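Here are my notes on the structure below. Please read them with the model open.

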Amino acid sequence: MTRREAMKGLLAAGATAATVSTLTAACATSDIVVDDASAPPRLSFAEIPRMLDGNHHVAAGYNAEVLLSWGDPVLPGGRAFDAAAQTAAAQSRQFGYNNDFLAYFPLPAGKRSGSEEDQHGLLCVNHEYTNAYLMFPGYSNWRDSAAGINREQVDIEMAAHGHSVIEVRKQNGHWSFVENSRFNRRITMDTPMRMSGPAAGHQRLRTSADPGGTRVLGTMGNCAGGVTPWGTVLIAEENFRYNFGGHPEELAESHPREVRNYARFRFGNHERRQWYRFHERFHIANEAHEANRFGWMVEFDPYDPQSEPVKHTALGRCQHEGCSVVAEEGRPLVAYTGDDGINEYIYKFVSNGTYRKDKGKRNSALFDDGILYAARFNDDGTGRWLPLIFGQGPLTPENGFNDQGDVLIDCRIAADLLGATPMDRPEDIDTNPLTGRTYVMLTKNTVRERTDAVNPRQKNAWGQVVEILAPGADGQRDHAALEFGWDIFILAGDPGKDSTARGQYGAGTSDDGWFCNPDNIAFDPFGRIWMATDSSNQCGFHDGLWAAQTAGPERALSRHFFGCPRGAELCGPCFTPDGKTLFVAIQHPADEKGSTYLNPSTRWPDFNDSVPPRPSVVAITRADGKVIGS
Ligand code: FEO
Ligand code: CA
Ligand code: CA
């Protein structure tokens, strides 16, 4: 039996009659309704060439306008951006640095697609991390800024992390933000939040400032994310290790069980941000459990600026990249997440309770009670979700697990023991709202030696896009099932190469249509996939956005739509519900070797000698006002 035949057999056997009533894509709001899912419009835009320069580029006939930039004042009392006189107090009232995930929520709350809400909404924006040598003068690279950074600069960094909620509006064809809207919010390293789920209150989450282990200040490393159909945002905590100091071995006597934990995250190798020199909680030898309170999936309500963010421990602790929520009436809630690290795993959470639309925000409690699984991919195109349950299989005291809290805090180690499949760095993950097929962006793995069918290339510098197929037909897939099928949707890289570097795409992909290093992902309202890249410069051109159909004769025929200014990656692609605006986040412009605050490789987007390059959100619309892409 071929791999594809095996997969088809599995899917047929597992088919269910479930009806998908509500699926949410990473940035869709809810209930996308398109009558004819079988025939999405053709992607007909004229491709842009692959290039590398200081500006952004979009397909002909489209406008791409900067909407929000690092330092824009967004809260009452916010000060106009002045990089030379920046303070932490000013930053806490301004748009943060390195915008990543974007989600759009219509205003007023609860309005549906197809009317005025497409002109007015809330834009939710993650601020993943800070590049000190591009934010402050006098540093030439990471090492330099780590050695010289001062207290005020560290506090600016902490205020530039986290998240922004910003009211946005389209008038006369142009998007702008509402400067002092009552909805506008900054979430930073000072924002109080709550732990929930099986690990909340766990002994290993208790600190001197929080002896109960349920309250934590701030969220960091907020990379991609997801949305729920009850109108909340999920923001992922990814590279938290970079913000902590100390080496695991320092805990050998005082907290021996944390040595394995922090070594698994490679603490001690990447003290990029030196926060611990000014704030003791960020040194693991001073506060051994603080770093256990990061690496979670965080949910909050963007419509309520006072709402308290919640860290959902049942989804496990790792370097969460994003989250794809599948909510079907009367069925368990399912959330797919990837752990972005070399040879890390893909996870899925399945709630014990069932989703009921009429319960609204009370559905959030479903995230507190359920089973976390890690994925094992078989070479025959099938796969299995392996449950991470304390007391089952190897997850016992003999292997260092005393309760479910331990399993969730150390979920990477638990997944190691269960035999999950080490992947080529799982970045964003998203489920096509029309078909229920789930797509994972595997960005690269240059140290891979042993290959398998789903990670088929040694020293993989280019990445691949993998399709996960829950059992059932399109639109009727059983996301709670223990089995799945899978396929490689795209092998990234140059299709003209005659070596392991060779990429594979749908027939007809042009010389501009191939890409390297897939990272972020979105679906438009017609179920077409939009793939963003990070690190294409190693292939000789800019990062950007490529679009493709996921079914039909043009499946995986990739087309180049948008290119970033040099040094930047493209994050957070997000459509308004009518598909007529596409928001993108341009992260870390000018971040490349030799580029500094005083001498950046581009001063995008201001091109003003007194303003450093600024990470910014760009709003893309079509000059003729029609739907993006077709
Ligand atoms: Fe934050 Fe994995 O990119
Ligand atoms: Ca990412
Ligand atoms: Ca990235």
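Are Trp 275 and Phe 282 buried or exposed?

1. Both Trp 275 and Phe 282 are buried (under 20% relative accessible area; exposed is over 50%, partly exposed in between, with a 1.4 Å probe and protein chains only). They belong to one aromatic cluster, whose members include Phe 240, Tyr 262 and Phe 294.

2. The model is predicted, so local features need pLDDT of at least 70 and side-chain atom pairs pLDDT 80 or more, while totals for chains, interfaces and linings use all residues. Residues are numbered from 1 along each chain as its sequence is written, chains are lettered from A and ligands numbered from 1 in the order written, and side-chain values use heavy atoms, without hydrogens and water.

3. Donors are N, O and S atoms within 2.8 Å of the metal (3.2 Å for Na, K and Ca); water is not among the atoms, so sites may look incomplete. Asp 519 also coordinates the calcium ion (ligand 3), 3.3 Å from ligand 2.

4. Cys 223 lies in strand β10 and Glu 427 in strand β21, 204 residues apart (strands are DSSP runs of E, at least two residues, numbered from the N terminus). Cys 223 and Glu 427 are buried.

5. The count of aromatic pairs is 34 (ring centres of Phe, Tyr and Trp, the last by its six-membered ring, within 6.5 Å; planes under 30 degrees apart are stacked, over 60 edge-to-face, the rest tilted). Tyr 62 and Phe 561 pair edge-to-face, 4.9 Å centre to centre with 85° between the planes.

How values were computed:
Helices (H or I, at least four residues) and strands (E, at least two) are DSSP runs, numbered from the N terminus.
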